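Student: I am new to this structure and would like to learn how to read it. Could we go through it one feature at a time?

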Amino acid sequence: MTRLPSLTELENKNEFIARHIGPNAQQQQDMLTYIGADSLEDMTKKIVPESILLKDGLNVGSGRTEVEALSYLRTLADKNQVLTTHIGMGYSNTHVPNVILRNVLENPGWYTAYTPYQPEIAQGRLEAILNFQQLTIDLTGLDLASSSLLDEATAGAEAMGLAKRVSKNKKSNQFYVSDSIHPQVLDVIKTRAGTFGYDVIVGPAQDAVNHDVFGAMLSYPASTGQVDDIEQLISDLQANKAVVAVAADLMALTMLKSPGEMGADVVFGNSQRFGVPMGFGGPHAAFFASRDKHKRSMPGRIIGVSKDTRGKPALRMAMQTREQHIRREKANSNICTAQVLLANMASFYAVYHGPKGLKNIATRINRLTTILANGLVAKGIELANNAWFDTITLNVANKDQILANGVEAGVNLRRDLAGQVGISLDETTTRADVAKLFDIVLGAGHGLDVAQLDSDVSGNSFDDGLVRTSQYLTHPVFNSYHSETEMMRYIRRLEGKDLALNHSMISLGSCTMKLNAVAEMLPVSWNEFANMHPFCPQDQAVGYVEMITELSEWLVNITGYDAICMQPNSGAQGEYAGLLAIQKYHESRGDAHRNICLIPSSAHGTNPASAQMAGQKVVVTACDAEGNVDMDDLRAKAEELSENLSCIMITYPSTHGVYEETIKEICEIIHGHGGQVYLDGANMNAQVGLTSPGSIGADVSHLNLHKTFAIPHGGGGPGMGPIGVKSHLAPFVANHSVVDLEGPQSGNGAVSAAQYGSASILPITWMYITMLGNEGLRQSTQLAILNANYLKARLSEHFPILFSGRGGYVAHECIVDLRPLKEASGVTEMDIAKRLNDYGFHAPTMSFPVAGTLMIEPTESESKIEIDRLADALISIRKEVARVESGEWNETDNPLHNAPHTLDDIMDPTWNRAYDRELAVFPTAEVRANKFWPTVNRIDDVYGDRHLHCSCVPIEEYL
């Protein structure tokens, strides 16, 4: 009799595992056979050192179906109370235009894209980011803007760093911060200043000129709402050789004279209110603008305009030498992750509304604020500020009663000011909200009427001299797409210029571009997660905290650590936060002198940059010919530097993609000399369920949630970098000045603006873990290893593979050595990377960690079919290289040197190359069936460097 499946089998609780993992059972067996393994377990034993294999499995629970996971997460979300917020402090309610919500935030064509290191297939998001830079330049009144930073507070810390680099007051080590700055910004600035050895002075803005400082930070408007003319103060400070940074509000700057016109050197802030949900603190794109003369000292990334080989304008990341990947400990910052997806949303918000629409929104906000202020003053309420844009602060004796009245009425007001209540309005505020605020503050029967108060308004709510008269957003892009039809088509037009995961695999080594499942993404848009203010009364965020607590417990189990700090909002910030915990630990033991950080030469560029930011001195240790840490050199340096050794930063598996056999011995050597072990979590996708940093012997790691744990890269951000720590380091991780967290010592400085960093994307990782469960997480790691070794085996017949471990296997990525080909043919790694674009692929990681190579990581989400497609493309390219080697094609007249090819090439009536057009654009039949067209030819980086232009291109240039 035929056996019927049981109900348990039919319920198919593990269904999501097969949705997430690309290869089916037959494909897995075919690949295992190809690499010489009998099963996944047999493969694991052949590759992962037995000394580090976990004896017990994971304990995060069995996998849930998508329906079950979403249903349970909904019960947590429902525990949140989303009240109307008037808290302010840099966070505002906003209307996300639905055309942007659906077509950008919820669109895998935008959220699955990678950082635009291959600009020829990223012209769409580069244009959107350039629009963000133009928006920032116009509203701040400065010359140059970055493509975004992580959040307002870290942008403030970066402003302090820039001030020190460029200030002519070289003798001073003091930085002045106005007491009108948001408290969370001051918190992060103090943390950063502590590691840099700067002295921070806090006081009234006008008192800054009485101190010998290298820089000063002012707020315009102030955190409490006051709007003062700071032009003379800026001039006086600059006369004393101080660099002046101004924290500003983009919406206010549509009405207020720009800080740039007042003489400011730097302007920064949060672009969140331009159509990005508050999300309990993030992610949001910070904006950062500076004078042109400071461009070489700017933090982060800047998009610039260059031209392609046909002379057409083309966009690319400019001045990349400032980034930590190249300059290492000499980098301006360690901001590896920008907030591109959110910067794109803010720029589209500005494009959709245009200058007139933005001015109308701002004027309405300001008008309602004036009505509120005038009504309260008429009833005897004393205001702490006599000028405002959207915020007023009340001096009141019955603060607690007012706050309680607000909560009872479903309204949150600012509560962290002694004897004061703050009220901030935003674009969602209505006249009914203002009427409710009158009731909350004054009680019933006050007799105030919004319409009457509106008719009584006369004059501006700030000095007439501060009224903005200069134009902004005059470029056609901000004046052309105001209907939903046109906006939808503009977004789609840009999306079509970009290659993302919804077209083909992105095989970047060390970046883990895996599936970002729709079920994981859905909760990000839920009201209960999207629209909460980070500083609301925390008893209103019970569901958020419960979700974060569960996630933390799972990550503790996965990593083998004892505690998790969720605050860092990028991997690089996680490194910085982990190193700070190590330094605080040493200080608590009277070992403040321990400041040497050992870093292997193969390390990620973020490692030395982070160490420098944490106040440590970097000493590089050698690697041997196989790419492993040179143990003799490590022992010698650990012995020599023993007295001052703080830590080692090491990546595992190694940056070369190999499970080093000596990892436990490395930990023992460092511990034996009083140091701590920082294990870089970039390659956790080869650890989860098989081994863990804690079991190996490490003390702290950051986790790239945007790599291993499925948060999408978003074209260059968002990201999250929480850190796991052993119990002895747990008291020393970041805390927060506004929301005191349980666990870390009170007074520990913050590293991000919000207490949980970019909290609204944490449900993605929560969903990822809960749907995969114990079994799926382990299988994901095994499949990542299998896919990498299958790809390596296929490619090794045509290319040399640079490093491998036991039995000739690699971990989850492999490095293809192109240097012999270059020597024999003149074809460069750049040529091969660009030629891959013609085959419909994003290039793997190029020239890292070894120049002249490609580092490839296929991830577990790619099927054998897709991996074979990539392998076939590279093998086909190898055959093209052979035609150059043989002399059939010369070094410049060949499809590799001229890649990528565009429609302009196809239509060129003067085509006279040694190869035909069909080979150029349809090198295989498969490409013809699914062609991705690069929209520009190869970009001239040298021209872009010599003609730096970082604002929107005149439309005529495209014609």
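Student: Where is the place of G156?

Tutor: The model is a predicted one, and in it G156 sits in helix α9, which covers residues 152-166.

Student: Is G156 buried or exposed?

Tutor: The general idea is to compare the relative accessible area with a cut-off: under 20% is called buried. G156 has a relative accessible area of 0%, so it is buried. One position can also be compared with another along the chain and in space. G156 and V185 are 29 residues apart in sequence, while their C-alpha atoms are 6.5 Å apart.

Student: How do I read burial for a whole helix, such as α23?

Tutor: Count its buried residues. Helix α23, residues 606-613, has eight residues and seven of them are buried, so the helix is largely enclosed by the rest of the structure. The buried ones are T606, N607, P608, A609, S610, A611 and M613.

Student: Which residue with a positive phi follows α23?

Tutor: That is G615, with a phi near 80°.

Student: How do I read a polar side chain that is buried?

Tutor: S178 lies in strand β3, residues 174-178. S178 counts as buried because its relative accessibility is 1%. Its side chain has a polar contact of 2.7 Å with the side chain of S180.

Student: What does the side chain of S461 make a polar contact with?

Tutor: One partner is the side chain of N366, at 2.9 Å. Another is the backbone oxygen of W388, which lies 2.6 Å from a polar atom of the S461 side chain. S461 itself is in the loop between α17 (450-456) and α18 (484-495). With 7% relative accessibility, S461 counts as buried.

Student: What about charged side chains?

Tutor: The general idea is that side chains of opposite charge can pair when their charged atoms come close. In this model the count comes to 41 salt bridges.

Student: Which residue meets R310 in a salt bridge?

Tutor: The partner is D908, with 3.0 Å from N to O. This pair links distant parts of the chain, 598 residues apart: R310 is in the loop between β9 and β10 (313-318), and D908 is in the loop between α31 (903-906) and α32 (917-921). R310 is partly exposed at 32% relative accessible area, whereas D908 counts as buried at 14%.

Student: Which parts does the pair of K312 and D904 tie together?

Tutor: The side chains of K312 and D904 form a salt bridge of 3.0 Å, N to O. K312 lies in the loop between β9 and β10 and D904 in helix α31, so the bridge ties together parts 592 residues apart in sequence. K312 counts as partly exposed at 31% relative accessibility, and D904 is partly exposed with a relative accessible area of 31%.

Student: How far apart are the closest N and O atoms of R316 and D941?

Tutor: They are 3.4 Å apart, and the two residues form a salt bridge. Here too the pair links distant parts of the chain, with R316 in strand β10 and D941 in helix α34 (residues 941-946), 625 residues apart. R316 is buried, with 4% relative accessible area, while D941 is partly exposed at 36%.

Student: Which residues do salt bridges that share partners join into one network?

Tutor: The network consists of R310, D905, D908 and R913.

Student: Which residues gather in a patch of negative charge?

Tutor: On the surface, D228, D229, D463 and D464 form that patch. D464 is in the loop between α17 and α18, the loop in which S461 is also found. D464 counts as exposed, at 58% relative accessibility, whereas S461 counts as buried.

How values were computed. Residues numbered from 1 in each chain as written. Predicted model: local features only at pLDDT ≥ 70, side-chain atom pairs only at ≥ 80, totals over all residues. Heavy atoms only, no water. Helix = DSSP H or I, 4+ residues; strand = E, 2+ residues; numbered from the N terminus. Buried < 20%, exposed > 50% of the residue type's maximum accessible area, 1.4 Å probe, protein only. Polar contact = N/O pair within 3.5 Å; in protein donor to acceptor, adjacent residues only side chain to side chain. Salt bridge = Lys/Arg side-chain N within 4 Å of Asp/Glu carboxyl O. Patch = residues over 30% accessible without salt bridge, like charges linked within 9 Å, V, L, I, M, F, W, Y side chains within 5 Å. Areas by Shrake-Rupley, 256 points an atom, 1.4 Å probe, with all protein chains shown as cover. Lys, Arg positive; Asp, Glu negative; His and termini not counted. Charge placed at Lys NZ, Arg CZ, Asp CG, Glu CD.
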